[in-house]
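Dear colleague,

Please find the structure below, together with its sequence.

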Amino acid sequence: MNDKKPNILCIGVLDTKGDEIKFLARECQKLGANAKIMELSLGGEVGWADISLSEVLAEDGIHKEDVFKASRTEAIEIVGKAGAKKMAKLYEEGQVDGVIAWSGSVGTTVSTMTMRALPIGVPKIMLSTCAASDVSSWLGSKDIYISNPISEKGVNRVTRKIVANATAAIVAMAKVGEISEKEAKPLAAVTAYGTTTPAVMRLSKYMEEKRGFDTITIHQVGTGATMEDLIRSRMITAVYDITIGELSNNYYGSIYGIDPDWEGERLTAASDMGIPQIVCPGGLAQCAYGPLKTMPGKIMEEYKQGKRVSYQNSREPYIHNSAVTIIAPTLEETELFATEIIEKLNRTTGPTALVLPLRGWSAYDQSVEQATVERGWAKEKGDGPVWIPDPDNPKWSKRATTMWNIFKQKIDKDNPNLDLIVCNNHILDIVFTDFLNRIMGDMLDGRWTKGSYRDMENIVE
């Protein structure tokens, strides 16, 4: 804890929730904070806010009358974007140590748009009566604490205690301060699914024990957007992007994808920032969709018609658990994923190894000959539920050879920072993960060059 008097912004739609936001500010001040009120109203300006709606809108050169005449959807977009710019500016000026808001659905939308402008680690609390619903669109890629104030309006014997608890939390969090640089090691990201975990653990162990890094495991359920954000904030300095399942999750509209309105487009930040990165198509032989009952009828029909590979020819998707059903991509869809990958990586400005394992990309994407309990799929169950062998070489995945063909056609051969390496391995093979560690070590030591390693036995091309 530091002794600084924290600056807390209390934000909201003041023309309908003015008394509630004033109460937030008073409670923060009682706890020793400098509390200011910022207005995000959509229907009228109250005239008493510390930071008025007009001042917020001035960030985008917009007049308040334009907001009041707009549809509610348009008004949210206008005020949210201007609020985000104002929030970012105030933070850069050292005027924000934490932010708190209280609202219903519209106010939650505009308030969280504004909060998301703050870096990860800056305290953010959203008191929302919609807290029990799907809050993913409001969270985005950021660390917002969302809690239920029970009532959308009214300071009374119920809400007074709940809201006071929240203000105590935001003031206390704002006093935590920054992590000491002496305590912080360089950070490497490793992207993961449960079905690529053995590889993730071996890569993390190498970075922690051999290279003196901390590691952060990025689960492919939408948090890849957060990783992209952290890279651009220079908090991550090396990336094993070996599980890029969010590309397929996005394609099918899964709840475990990345909302297009969020910041953090996958496979862009490491290339733009020029940091070492290794990319593999782990987890891309599957999509993590929601519960089976939410599966689109078109997909179910494709299973019945045999257009998608199914576990033991059941003609149904494989159920990972009650919240996740697996969609097996077709070869045509795999071509789309391959195109997206290579077109993005062609723009890389830093050392980038695109490493393609031909024998499968996850525990679910392996033949019965490779399967073991330790690799996440028991041999007694037969082939993994999404496995498609290549007819010309049944030990290789047909998706992998399909992707290889696209990469060869579309890779920018003139980019000295990008190397395509094709391996006669499965992504869970120890020899494969050790190879990835060798590449990363060479990148960190400045020894990596495009075209290296071709003398190794497991390298096909």
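**Sheet, cores and loops**

Gln277 stands opposite Thr352 in β13. Strand β9 (residues 277-282) and strand β13 (residues 352-357) pair in the parallel sense over three bridges; two strands count as paired if DSSP finds at least two bridges between them. Helices (H or I, at least four residues) and strands (E, at least two) are DSSP runs, numbered from the N terminus.

Please note that this is a predicted model, in which local features need pLDDT of at least 70 and side-chain atom pairs count only at pLDDT 80 or more, while totals for chains, interfaces and linings use all residues. Residues are numbered from 1 along each chain as its sequence is written, and side-chain values use heavy atoms, with hydrogens and water left out.

The pair β9 and β13 belongs to an open sheet of six strands, in the order β7-β6-β8-β9-β13-β16, with parallel pairing. At its edges stand β7 (214-219) and β16 (418-423), each with a single partner strand, so one side of each is left without a neighbour in the sheet. From one strand to the next, the twist averages 15°. Helix α9 (residues 224-232) packs on this sheet and touches β6 (187-192), β7 and β8 (238-243); contact means heavy atoms within 4.5 Å. The direction of α9 makes about 140° with that of β7. Such angles run from 0 to 180 degrees between N-to-C directions, the axes being lines fitted to C-alpha atoms, for helices over the stretch in contact.

As for the chain as a whole, its secondary structure comes to 15 helices and 16 strands. The radius of gyration is 25 Å, close to the 23 Å that the globule rule gives for 461 residues, so the chain is as compact as a globular protein of that length. This radius is taken over C-alpha atoms, and the globule rule is 2.2 Å times the number of residues to the power 0.38. Of the 461 residues, 54% count as buried (buried is under 20% relative accessible area, exposed over 50%, partly exposed in between, with a 1.4 Å probe and protein chains only).

The largest nonpolar core has 45 residues, of which Leu284, Ile327, Ile341, Leu354, Leu356, Met403 and Phe407 touch the most other members. A nonpolar core is a set of buried Ala, Val, Leu, Ile, Met, Phe, Trp, Tyr and Cys residues joined through side-chain atoms within 4.5 Å. Among the elements that give two or more residues to this core are α13, β13, α14 (398-410) and β16. Leaving aside neighbours within four places in sequence, the contacts of Leu284 include Phe337, Ile341, Trp361 and Met403. Apart from this core lies another, of 30 residues, among them Ala188, Ala199, Tyr206 and Leu436.

Helix α13 (residues 331-345) also holds Thr339, which is buried at a relative accessible area of 16%. Beyond its neighbours within four places in sequence, Thr339 is in contact with Ile406 and Lys410.

Two loop residues deserve a mention. Most residues other than glycine have a negative phi. Ile150, in the loop between β5 (145-147) and α7 (159-174), has a positive phi of about 75° and is exposed, with a relative accessible area of 55%. Gln312, in the loop between α12 and β11 (318-321), likewise has a positive phi, near 50°, and counts as exposed at 56% relative accessibility.

With kind regards
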